[in-house]
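Biologist: Let us go through this one term by term. I will ask what each word rests on.

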Amino acid sequence: MRLRFRRAALLRASLVLVVAAAVAGLAPARTASAGPTATVTRVTVKMYEYRFVLSVPKVRVGTVIFTVVNKGQLAHDFGIQKLQKVSPLVQGGGHTTLRVTFRKPGKYYYLCTVGAHVQYGMFGNLTVTK
Ligand SMILES: [Cu+2]
C-alpha cells in the first residue's frame, strides 16, 4: 500500500518533469521567432497577365509576408519554387497572403503555377540577402 502510493507519487512527479521540459523546450523557439532580432518584411506582389510586379527586388533573411494581389482577370498564384511554397489560387481582382521564411541568402525563383503562365512570363527572382 505504502509502496504503491510512493510509486504513484514518483510517476506523477516524473510526468510533471516531462511537461515542464516540453514547455521549456518550446519557450526558446517562440522567443526566437518573435524576438527583436527576427526580421519580418512585408512585400506586395501584383499579378497581371502575364507578369509579376514586386514592391521590392530584394529582402533580408527572415520571414516575409507577401500580400498577393491579382490585378488581372484570370486566376493566378504565387509560388517560391525552392521552398515549395505556393499561395492559394487568387481570382481576378482578389488577394491573399503567403508567409515564407527564408533561412539562407540567395536567389529565389518565383512563378505562377497556373497552366502555361510561366512560359508567358509569369516568373522572376527574388534576392534574399543576409
Ligand atoms: Cu498565372
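Modeller: Start with a bridge: Gly106 has Val128 in β9 as its bridge partner. This is a predicted model, where local features need pLDDT of at least 70 and side-chain atom pairs count only at pLDDT 80 or more, while totals for chains, interfaces and linings use all residues. Residues are numbered from 1 along each chain as its sequence is written, and side-chain values use heavy atoms, with hydrogens and water left out.

Biologist: What makes β8 and β9 a pair?

Modeller: Pairing takes at least two bridges found by DSSP. Strand β8 (residues 106-111) and strand β9 (residues 123-129) share six, in the antiparallel sense. So the pair qualifies.

Biologist: Which strands form the open sheet, and in what order?

Modeller: The order is β3-β9-β8-β5-β6, with mixed pairing. β3 (58-60) and β6 each have a single partner strand, so one side of each lacks a neighbour in the sheet. β3 and β9 run parallel, joined by three bridges. Lys58 has Thr127 in β9 as its bridge partner.

Biologist: Why is Pro57 called exposed?

Modeller: Exposed means over 50% relative accessible area, buried means under 20%, and partly exposed lies in between (1.4 Å probe, protein chains only). Pro57 has 60%, so it is exposed. Pro57 sits in the loop between β2 (51-54) and β3.

Biologist: What is Pro57 in contact with, leaving aside its neighbours within four places in sequence?

Modeller: Asn125, Leu126 and Thr127. Contact means heavy atoms within 4.5 Å.

Biologist: Which side chains of β1 are buried?

Modeller: In strand β1 (residues 40-48), Thr41, Val43, Val45 and Met47 point to one face and are buried. Val45 stands opposite Val68 in β4. Four bridges join β1 to β2, running antiparallel, and a hairpin of two residues links these strands.

Biologist: What makes His76, Cys112, His117 and Met122 the protein donors of the copper ion?

Modeller: Donors are N, O and S atoms within 2.8 Å of the metal (3.2 Å for Na, K and Ca); water is not among the atoms, so sites may look incomplete. Here ND1 of His76, SG of Cys112, ND1 of His117 and SD of Met122 lie 2.0 to 2.8 Å from the copper ion. His76 lies in the loop between β4 (62-70) and β5 (79-80), and Cys112 in the loop between β8 and β9, so the pair ties together parts that are 36 residues apart in sequence. Both His76 and Cys112 are buried.

Biologist: Why is the arrangement around the copper ion called irregular?

Modeller: Four donors count as tetrahedral if all angles lie between 85 and 135 degrees; four count as square planar and six as octahedral if opposite donors are over 155 degrees apart and all others between 65 and 115; anything else is irregular. The four donor atoms subtend angles of 82 to 134 degrees, so the arrangement is irregular.
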